[in-house]
Amino acid sequence: MNLEKLYKVSIFALMLLVMSTAANAQLNSLSPKEKKEGWKLLFDGKTSKGWRSARADTFPTAANGWVIKDGVLTIQSSNGAESQNAGDIVTVAEYGAFELSFDFKLTRGANSGVKYFVTLKENSGASAIGLEYQVLDDDVHPDAKLGRDGNRTLASLYDLKTSNKAGAVKPIGEWNTGKVIVYPNNHVEHWLNGVKVLEYERKSPEYRELVKMSKHKVWKDFGEADKGHILLQDHGNEVSYRNIKIKTL
């Protein structure tokens, strides 16, 4: 390779490095505009600060559990069981009305979930109880075909209300952006990649009828706490999260 070609290759490699560094610098960070609007990071990209086990006051360290690497928080694959290995993790803080945004990436056949208004009072023996933004590979995981009218599919309010996400889903292995908005009047919205996929009124008669038809009916006042933890679920499959941020409303 002559000097001119070597120079061009070196410049191109340097440009790629700069672009990659700039992209990584934007992960798990807030813009000046977001800071002004009141957004706060729930995951700093480097540590488990602000998170704990749903079963203990410390962050779980089980083998094949939660790992933080390259700005990404990943629950590793174990045996596909619900919260039987490392277990769920929850925010140390509790939240009432809020806007929550998070990126997630599924592996083939994977299952997880982002729950809110988690009080940790129920002692279910499996995943902690709360309203759930379903995170699922609809095409492969059998849970997508259970429940009622697809209410266990991706971005749905798990076992309660089905998301309408046609055209909004990115392929397995790519990053998707989920959002949950809970307004002070208990109006709730689920979003996927910039598209509103469902809405409901928490604590309303209609909401309580949905609960009566669901597996959640065994829990008193399910999903009606005034505040609760945010939860990331360990369902024994590899799923990754990043850019987790929240703004109180």
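Student: Why is E94 called partly exposed?
Tutor: Compare E94's value with the cut-offs. Buried means under 20% relative accessible area, exposed means over 50%, and partly exposed lies in between (1.4 Å probe, protein chains only). E94 has 38% relative accessibility, so E94 counts as partly exposed. This is a predicted model, in which local features need pLDDT of at least 70, side-chain atom pairs count only at pLDDT 80 or more, and totals for chains, interfaces and linings use all residues. Residues are numbered from 1 along each chain as its sequence is written, and side-chain values use heavy atoms, without hydrogens or water.

Student: Where is E94, and which residues does E94 touch?
Tutor: E94 sits in the loop between β5 (89–91) and β6. Strands such as these are DSSP runs of E, at least two residues long, while helices are runs of H or I of at least four; both are numbered from the N terminus. Leaving out residues up to four places away in sequence, E94 touches K227, G228 and H229. A contact means heavy atoms within 4.5 Å. E94 and V118 are 24 residues apart in sequence, with their C-alpha atoms 8.4 Å apart in space.

Student: What makes β7 and β12 a pair?
Tutor: Two strands pair if DSSP finds at least two bridges between them. Three bridges join β7 to strand β12 (residues 229–232), so by the definition they pair, and they run antiparallel. In β12, H229 is the bridge partner of V118. Six bridges join β7 to β8, again antiparallel. There, V114 has Y133 as its bridge partner in β8.

Student: How do you know that β7 is mostly covered?
Tutor: Eight of the eight residues of β7 are buried.

Student: Why is S101 called buried?
Tutor: S101 has 8% relative accessibility, so S101 counts as buried. S101 is part of strand β6 (residues 98–106). The contacts of S101 beyond four places in sequence include W39, T177 and N243.

Student: What makes a nonpolar core, and which residues have the most contacts inside the largest one?
Tutor: A nonpolar core is a set of buried Ala, Val, Leu, Ile, Met, Phe, Trp, Tyr and Cys residues joined through side-chain atoms within 4.5 Å. The largest has 45 residues, and F98, Y116 and Y241 have the most contacts inside it. β6 gives the most to this core, five residues. A second, separate core has five residues, among them A54, V90, A128 and L231.

Student: What makes the phi of D159 worth a remark?
Tutor: Most residues other than glycine have a negative phi. D159 is not a glycine, yet its phi is positive, about 65°. D159 lies in the loop between β8 and β9 (176–182). At 5% relative accessibility, D159 counts as buried.

Student: Is K203 buried or partly exposed, and where does K203 lie?
Tutor: K203 has a relative accessible area of 24%, so K203 is partly exposed. K203 lies in the loop between β11 (195–201) and α3 (205–212). The phi of K203 is also positive, near 75°.

Student: What makes β3 and β4 a hairpin?
Tutor: There are two residues between β3 and β4. Strand β3 (residues 66–69) and strand β4 (residues 72–75) pair in the antiparallel sense over four bridges. W66 has I75 as its bridge partner in β4. In the turn, D70 has a positive phi of about 55°.
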